Amino acid sequence: MPANILVCVKQVMDPETPMSQFKIDGATKRVLDPQGVPPVLNGFDENAMEAALRIKENDGATVSVISIGNQFVMDVIKKPLSMGADELTLLQDDIFDGLDAFGTAKSLASAIQKMGDFDLILCGRQASDFDQAHVPLGIAEILGVPCITMASDVQVADGKVRVERKLPDGYEVLEATLPAVVTVSNELAPVRYPTLRNIMQASRKQPNSMSLSDIEIDAAALNGGLEIQDLYIPVSDVVCEFIEGEDEEDAGRKLALKLREAKLI
Amino acid sequence: MASNQTALVIGELTDTGSLDSITGELLAAASRVADNIECLLLGAGATEAGQQAIQLGATKVHASEDALLTNINVDAMVEAAHQAASQINPTIVLVGKTLVGRDLAPRLAFRFDVPLVQDCIDIAVDGEQVVATRPVYGGNALAKIACSKTPQVLTMRPKTFDPLPADASKSGEVVQISLNIDASVQRVSQVERITEEQEGEKLEEAKIVVAVGRGIADPANLPAFESLAKTMGAALGASRAVVDAGWLDHSYQVGLTGKSIAPELYLTWAISGASQHMAGCTNAKNIVAINKDPECNIFKESRFGVVGDWEKVLPGFAAMLSEMGVA
């Protein structure tokens, strides 16, 4: 029986944004959209998409995608469709602008309950803007299903999900009965490029739309009481001593001497 | 310090039942915001390890050696932590951002219907509030965050807080905590476990780490660095780009999604020092960088640097090591 898979994706600021374009608005305590640098799909979410599409290819599956936010750039957010997803739903509302992990997990869990029964929910392990790594665990907790994190391989068979994850000294294989949430890490690679055919099909597809009222959740419940008191770019007070020599090889020799002098070797 | 906070540290035990080092780090972090520091230890060895936790700053330890409480059974650990925290009623819960902690903490927070502040590198009291500092945007920025809901649940980044010196004169109770855990709570099972023996020094514990970046250009160049690491008695580390390229296994990765390390000397070769990488090594006591680009980010956090091609610098460096008798 083909699995019904949902992948959660997020549009984020490009993590390769140069520091010269990385600016903070002191009043709102938010990072400003960088000039001339378009947003991207969160890198780990692409790994999650790849995991879903491999299951679709090997065993058959329907791959639906959901994203929560407020200012979607269609080129970016439709990428899952270009990669081969069957359906895309955008959960969009003013209140989702800058929503934190607490509110995001609750909103997505409500949307998932409305959308239907999924066997497997796949997410990237963390988003490269806030690096919170806990929306998927929150979704699992709210839905009352098991969650396995940081998958480097995901297989579905006989009503179970089998996940390989790397450990500091090797790896382990974990198993859970579906339905389950699994987060995917970059070890699940390579991630496929969209095919021309899928890109063209995607451009013709309109995403489904949901808003706060559709997910029947109280706006107040989304507020976890977190206050960002300050957001700032740290200034390093380290001053680097550059070691020079007659040539690079000599600089290497002098560096070794310097480290010995500093009692570091 | 007069503080109205009661901290609960979710400590950890190693697979062999001794106190995991993260526990001491969490107790030190807790000491910055609370006088009353209770510690939860779950699993085989908890009672004995509890004595050590007292010496490291816990005012009271709650221990349970229930057979279901193992590092693999996170479902049971979450249930246990939830029951314990409900009994103890802390205002703040500190968990390590470790393999177990990063699965446990979010689920614990959502059970209490409170948010989680993840990966904190600093913590302080500001009047009645606890304010935590955490890196965001891969480490490009720092956020100071306060929470009005209790319990406040935070994970602390490993190797960021130095444990307090063990004080054998400290007294405190180690009590057995009564928990009601059923085997059926476990929904994730471990089907297979492969340990890959790593040669040489362990990355997380090495005093010296030699790290390589994508700029070494070719995996054929790795043996030169393996040899350097061996000569220096160092562990080998790598940036994410090296791991993504398949040149080294993920276990070598230092960075935000790799390991956080704090060696005495972090000697980097052709690593540019992107924020996500620096997130893993920022607590190194001395960072040294060799890189072709004088403007690259790593020099901003380095004590010593050489602007140059690693391929030319390395032979000179290695030759001098040999002359100095470093082996």
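When I say helix, I'm going by DSSP runs of H or I with at least four residues, while strands are E runs of at least two, and both are numbered from the N terminus.

Quick housekeeping. This is a predicted model, where local features need pLDDT of at least 70, side-chain atom pairs count only at pLDDT 80 or more, and totals for chains, interfaces and linings use all residues. Residues are numbered from 1 along each chain as its sequence is written, and chains are lettered from A and ligands numbered from 1 in the order in which they are written.

Why is α4(B) described as largely enclosed by the rest of the structure? Because ten of its eleven residues, within 101-111, are buried. Buried here takes 20 or more other C-beta atoms within 10 Å of the residue's own; 12 or fewer is exposed, anything in between is partly exposed, and the C-beta atoms are placed from the backbone. Among the buried ones are Gly101(B), Arg102(B), Asp103(B) and Phe110(B).

For contrast, look at Pro223(B), which sits in helix α5 of chain B, residues 222-232. Pro223(B) counts as exposed because it has 9 C-beta neighbours inside 10 Å. Its C-alpha is separated by 42 Å from that of Leu69(B), 154 residues away along the chain.

Now, how do the two chains meet? In chain B, 67 residues are in contact with 68 residues of chain A, contact meaning that C-beta atoms, placed from the backbone, lie within 7 Å. Several elements of chain B each supply at least two residues to that side, including α4, β5 (116-120) and β11 (188-195). Which one gives the most? That's α8(B), with ten residues. The side of chain B that touches chain A divides into 34 nonpolar, 15 polar and 18 charged residues. Nonpolar means Ala, Val, Leu, Ile, Met, Phe, Trp, Tyr, Cys and Pro; charged means Asp, Glu, Lys and Arg; the others, Gly among them, are polar.

The chains also share strand pairing. Two strands pair if DSSP finds at least two bridges between them. Strand β12 of chain A, residues 170-177, pairs with β11(B) in the antiparallel sense over seven bridges, and Gly170(A) stands opposite Thr195(B) there.

Then there's an open sheet of four strands, in the order β15(A)-β8(B)-β7(B)-β6(B), with antiparallel pairing. The twist averages 25° from one strand to the next, going by lines fitted to C-alpha atoms, for helices over the stretch in contact, with angles running from 0 to 180 degrees between N-to-C directions.

Walking across that sheet, six bridges join β15(A) to β8(B), with Leu226(A) opposite Cys147(B). At the other end, β6(B), residues 122-126, pairs with β7(B) over five bridges, and Ile123(B) has Ala132(B) as its bridge partner. Those two strands form a hairpin with two residues between them, and Gly127(B) in the turn has a positive phi of about 65°.

Last stop, chain A as a whole. It has seven helices and 16 strands, and 48% of its 265 residues are buried.

Definitions and conventions: Contact = placed C-beta atoms within 7 Å.
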